[in-house]
Each structure stands twice: as structure tokens, then as C-alpha cells.
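Hi,

Here is the structure I promised to pass on. Have a look at it first, and then read my notes below.

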Amino acid sequence: MAHYVIGDVQGCYDELKLLCKKINFNPNKDLLIFAGDLVNRGPKSLEVLNFCLKNKKSVRAVLGNHDFYLLYLLEHKKKNESLKNILNSKNSNKIYSWLKKLPLLLTIKIKSSKESFWISHAGIPFIWDLKKAKNLSDEMKVVMKNDSFNVLENMWGDRPALWKDDLEGYERYRTIINYFTRMRYLDKKGGLKLKKKDLKSEHNHIPWFVQTHNNLKDKENIIFGHWAALEGKTKLDNIIGLDTGCVWGNKLTALRLEDKRLIQVKRK
Ligand SMILES: [Mn+2]
């Protein structure tokens with residue numbers, strides 16, 4: 001049995017199939033864990049989701065910003081050109097209820113190597129330790145179960161930029177979602193700098209993982225997607241980026257957790 005974490009698929013179903021072939025994915029033995037953004041921009045988002053539903057028992061995933069967007073469209077009965085196949089699919093209820101239950105953060109421990117992996121779409125900010133991040137993800141699971149319509153309605157926007165423990169209600173949920181699914185740069189205090197996407201250095205814009213790295217103990221790892229421009233390069237061996245920009249014509253990447261080996265396929 002092997003665990004594979006797969007970076008942002010974004011509707012690149014053909015490449016996902018090729019990657020599954022390359023890793024010899026066996027749904028009876030292996031586990032696929034998606035790092036979020038299964039859908040949007042790419043050509044076959046519906047096929048990707050149907051693959052996940054079909055292999056439900058051997059698939060795990062965390063929610064990305066595009067998955068949240070899809071949930072919003074589904075729950076609020078909105079239209080969207082690029083996701084219309086999903087919105088019009090006879091499967092859309094099943095897709096909705098599967099997606100809605102996904103967490104923002106997953107943790108997996110590998111027995112053989114004793115390494116533990118914390119997987120979220122954008123990462124974990126240094127202002128949260130791993131336990132706190134897990135608690136916030138658990139809190140959001142409950143909130144999404146009970147009040148998803150309003151959470152999704154109120155998740156839009158970049159403010160508040162800085163996490164505070166006493167944030168409440170929809171401001172609190174929006175901020176948690178923004179850190180887990182949209183974060184790239186933080187300022188020195190840990191506030192989100194959501195406007196910046198390029199890699200040029202800029203005053204008080206620090207890639208989130210630079211400081212989070214100091215929080216990690218031996219055998220603790222974080223895996224994330226979302227930041228295609230990085231091409232996975234964090235220069236850290238325990239914070240691993242898996243968005244290698246398949247939808248932009250680059251590669252789809254899987255990480256085998258047992259030996260931290262990367263397996264890639266090129267965009268067709
Ligand atoms: Mn993303």
C-alpha cells in the first residue's frame with residue numbers, strides 16, 4: 001500500500017489518468033490524496049470529480065479556493081461557463097455532498113518512516129501551530145455542515161488580512177478559508193498579502209513557508225498546492241509544493257509519502 005498526494009489537477013483529467021497509470025494506482029490498496037483545486041480552468045473538471053466519486057474509498061482531498069467557488073455555485077444555484085458541465089450534471093447533488101464534507105487540512109502519519117504529513121491547499125501560516133491548524137480545520141467542518149449557505153455567501157473578500165483568535169462569525173470563517181486556500185505571502189506579523197502572486201522580492205512580503213519552517217519538528221512535513229509560479233520549489237525538504245502548473249501547460253505531480261519521491265507527467 002502506498003499514499004500519494006497529488007497537486008492541483010484543475011480539470012486535467014487526461015493527465016490524472018496518465019499519472020495514475022505511472023504510479024500503478026490500485027484503488028484496492030493505495031490512497032490518493034488531492035491537495036485541492038480539483039476543478040476549474042482545465043478542460044475536464046466533471047470527469048475529475050466523477051473519478052473521485054467512483055474511487056471514493058481510496059480518495060481523500062482538501063478543499064482549494066476553486067473547489068470553494070464550485071461549492072458556492074452549486075449551493076447558490078449560480079451559472080458559470082467553465083464549470084457548467086458540473087452544474088448541469090445529473091450527478092451534481094452527489095458531487096456537492098462529497099465536496100462539502102472535505103476538510104481544509106488532512107494529516108497522515110506513515111508508520112514505516114514515522115514521518116507525519118500535514119496537507120492543505122495553500123499551506124499553514126506560522127502564527128498557527130499544527131495543532132491549532134487542525135482545530136481550525138475541524139471547526140470549519142462543523143460550520144460547513146451546519147451553515148454552508150451563509151459561509152459560502154460571506155467568504156468573498158481579502159479582509160480581515162490578519163488572523164486574531166477573537167475573530168467571530170463569518171469574518172472568522174472567511175479568514176480561516178483565506179489562510180488555508182489562498183495564502184502565498186505573509187507580512188512579518190502573519191497578515192495575508194493576497195494581492196501579490198509573482199516571485200519578485202518585495203518589502204514585507206515573505207513566502208509563508210519561510211517562517212512556518214521554524215515551527216516544524218523532525219519528521220513533520222507540510223504539503224501544499226496552489227502556488228503554480230513556485231513550480232514546487234520551496235528549497236525546504238519538509239515543506240513540499242505540489243502545484244506544478246499542469247493547467248498552465250507544465251506538469252502534474254504526485255508525491256509518494258512512503259519515500260517522499262516525486263512522480264510527474266507532462267501536460268498533453
Ligand atoms: Mn488554488
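A word on terms before anything else: two strands pair if DSSP finds at least two bridges between them. Helices (H or I, at least four residues) and strands (E, at least two) are DSSP runs, numbered from the N terminus.

Also, this is a predicted model, so local features need pLDDT of at least 70 and side-chain atom pairs count only at pLDDT 80 or more, while totals for chains, interfaces and linings use all residues. Residues are numbered from 1 along each chain as its sequence is written, and side-chain values use heavy atoms, with hydrogens and water left out.

**The sheet**

Let's start with β1, which pairs with β2 in the parallel sense over four bridges. Within that pairing, Val-5 sits opposite Ile-33 of β2. With β11 (residues 251–256), strand β1 (residues 3–6) pairs in the antiparallel sense over three bridges, and Tyr-4 has Arg-256 as its bridge partner there.

Put together, five strands make an open sheet with mixed pairing, in the order β3-β2-β1-β11-β12. At the edges are β3 (59–61) and β12 (261–266), each pairing on one side only.

In a regular strand, side chains alternate between the two faces of the sheet. In β1, both faces are covered: His-3 and Val-5 on one side, Tyr-4 and Ile-6 on the other, are all buried. Buried here means under 20% relative accessible area, exposed means over 50%, and partly exposed is in between (1.4 Å probe, protein chains only).

**Helices α1 and α2**

The axes of α1 (residues 13–22) and α2 come within 8 Å and cross at roughly 40°. Axes are lines fitted to C-alpha atoms, for helices over the stretch in contact, and angles run from 0 to 180 degrees between N-to-C directions. The two helices are therefore oblique to each other; under 35 degrees would count as roughly parallel, over 145 as roughly antiparallel, 65 to 115 as roughly perpendicular, and the rest is oblique.

Which residues of α1 and α2 meet? From α1 they are Tyr-13, Leu-16 and Cys-20, and from α2 Glu-47, Val-48 and Phe-51. Contact means heavy atoms within 4.5 Å.

α2 is largely enclosed by the rest of the structure, because seven of its 10 residues are buried. Among them are Leu-46, Leu-49 and Leu-53. The cover over the buried residues of α2 includes α1, β2, β3, α3, α4 and α5.

**Helix α3**

α3 (residues 65–75) is mostly covered too, with nine of its 11 residues buried, including Phe-68, Tyr-72 and Glu-75. These buried residues pack against α2 (45–54), α4 (84–87), α5 (92–100), α6 (130–153) and α7 (169–182). Just past α3, Lys-77 has a positive phi of about 50°.

**The manganese ion**

What coordinates the manganese ion? The donors are Asp-37 (OD), Asn-65 (OD1), His-121 (NE2) and His-226 (ND1), at 2.1 to 2.3 Å. Donors are N, O and S atoms within 2.8 Å of the metal (3.2 Å for Na, K and Ca), and water is not among the atoms, so sites may look incomplete.

Along the chain, the donors follow the spacing D-x27-N-x55-H-x104-H. Asp-37, in the loop between β2 and α2, and Asn-65, in helix α3, are 28 residues apart and link distant parts of the chain. Asp-37 is buried, at 2% relative accessible area, whereas Asn-65 is partly exposed at 22%.

Cheers
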